[in-house]
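Below are my comments on the model you sent.

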Amino acid sequence: MTKKHFCYLILALIITGCSTNPYKTTEKVYDQQLKTLENQITSKEPQAIPPVSPVVIDTTYAQQLGIVKDTLSKTGSTYLLNGINTEWIGTVNFNLRKPSFIIIHHTAQDSIQQTIKTFTKTKTQVSAHYIISENGKVVQMLNDYLRAWHAGAATWGKNTDINSSSIGIELDNNGFKPFTEAQIGSLVALLTKLKKDYNIPTQNILGHADIAPGRKQDPSALFPWKTLAEKGFGIWPDTILEEAPFDFKIEPALRIIGYNTKNLSAAIMAFKLHYIQTDVTATLDRKTIDTIYSIYKKQVQ
């Protein structure tokens, strides 16, 4: 073998050695975990909603139906503006993101069939994870880990992208009639499951109006927030209201609770729609001020 050929051989060995992927083992683990998570978010099997006492639930409807299928994929090299290309090395420590809010809506439509039709048309650009009919039937339309388009332009505290951190539940109701016992029974059962599955804080179960003051009014003033709070889903003012201090500031208090106060009147009305309900005007009477103070204290505890 000539010296020249020997040099070529050494060079070939060096190139071969350099091309070996030192992360081959962890990449395999990554791929396996990715496949597991992909199966998890594409499963369409119904899941039982747990019975909740003393609410009586018709088990015929305690199933979740059809979710939108999605896929996961690895990320390749990405070109950055400074001329650098990113390098892909998969980690073995990851899981799916989990929701930390639940937002309750009413559909403002005539039937659950109409709402399903709305959520299955591309042009509407709106969706939710669950719909609950008047008779208690629960239809799931999107896996809990995926991002639905139910909140729109909404904020709560410093969270400016509610869609990315929440589960949306739509109640089949036109906004002018009471919610049925069967419907609320299924809602309580579903909330029981979701709160446990994702460890969602009690105070993070809200209405659409809470996160979009002035723009949304759902669920309506007929929604039983007090009943839900008594069961651990949301907070409620004290039965006997403590009088707010003389120097208690309304706007900062509402902001600390979570409301967007850029339009203070809208924020007051949204608060009253949730916590007072018999009066949803922007009037700041004694009861309203003391109720805000009561919720403020619970929020900062």
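**Comments on the model**

1. Lys-298 has a relative accessibility of 27% and therefore counts as partly exposed. Please keep in mind throughout that the model is predicted. The side chain of Lys-298 forms a salt bridge with that of Asp-238, with an N to O distance of 2.9 Å. This pair connects distant parts of the chain, 60 residues apart: Asp-238 belongs to the loop between helix H6 (225–230) and helix H7 (250–257), while Lys-298 belongs to helix H9 (residues 286–300). Asp-238 is partly exposed as well, at 30% relative accessibility.

2. A salt bridge also joins the side chains of Arg-147 and Asp-161, at 2.9 Å from N to O. Its two residues are 14 apart and count as a link between distant parts of the chain, although Arg-147 and Asp-161 both sit in the loop between strand S3 (138–140) and strand S4 (166–171). The relative accessible area is 41% for Arg-147, which is partly exposed. Asp-161, with 34%, is partly exposed too.

3. Lys-193 and Asp-197 make a salt bridge through their side chains, with N to O at 2.7 Å. Why are Lys-193 and Asp-197 separated by about one helical turn? The two are 4 residues apart in helix H4 (residues 181–198), which accounts for that separation. Asp-197 has 42% and is partly exposed. For the model as a whole, the count of salt bridges is 8.

4. On the sheet: it is open, has 5 strands in the order S3-S2-S4-S1-S5, and its pairing is mixed. From one strand to the next, the twist averages 25°. Helix H4 lies across S1, strand S2 (130–132), S3 and S4, and runs at about 175° to S4.

5. How many residues of strand S1 (residues 101–106) are buried? The number is 6 of 6, and the strand is mostly covered. Cover is found on both faces: one side carries Phe-101, Ile-103 and His-105, the other Ile-102, Ile-104 and His-106, and all of these are buried.

6. The pairing of S1 can be followed through Ile-102. S1 and S4 run parallel and are joined by 6 bridges, with Ile-102 placed opposite Ile-167 in S4. Between S1 and S5 there are 3 bridges, also in the parallel sense. Here Ile-102 stands opposite Ile-205 in S5.

7. Is Gln-140 buried or exposed? Its relative accessibility is 5%, and Gln-140 therefore counts as buried. The side chain of Gln-140 has a polar contact of 3.5 Å with the side chain of Tyr-130. A polar contact of 3.3 Å is made with the side chain of Asp-144. Note that the Tyr-130 distance of 3.5 Å sits at the cut-off, since polar contacts are taken within 3.5 Å.

8. The length of helix H8 (residues 264–275) agrees with expectation. At 1.5 Å a residue its 12 residues should span 16 Å, and the C-alpha atoms at its ends are 16 Å apart. After H8 comes Gln-277, which has a positive phi, near 75°.

9. Which residues of H8 are buried? They are Ala-266, Ala-267, Ile-268, Ala-270, Phe-271, Lys-272, Leu-273, His-274 and Tyr-275. With 9 of 12 residues buried, H8 is mostly covered. The elements against which these buried residues pack are strand S5 (205–207), helix H5 (208–211), H6, H7 and H9.

Note on methods: Residues are numbered from 1 along each chain as its sequence is written. This is a predicted model: local features need pLDDT of at least 70, side-chain atom pairs count only at pLDDT 80 or more; totals for chains, interfaces and linings use all residues. Side-chain values use heavy atoms; hydrogens and water are left out. A salt bridge is a side-chain nitrogen of Lys or Arg within 4 Å of a carboxyl oxygen of Asp or Glu. Buried means under 20% relative accessible area, exposed over 50%, partly exposed in between (1.4 Å probe, protein chains only). The expected span of a helix is 1.5 Å times one less than its number of residues. Contact means heavy atoms within 4.5 Å. Two strands pair if DSSP finds at least two bridges between them. A polar contact is a pair of N or O atoms within 3.5 Å; within protein, one must be able to donate a hydrogen and the other to accept it, and residues adjacent in sequence count only if both atoms are side-chain atoms. Axes are lines fitted to C-alpha atoms, for helices over the stretch in contact, and angles run from 0 to 180 degrees between N-to-C directions.
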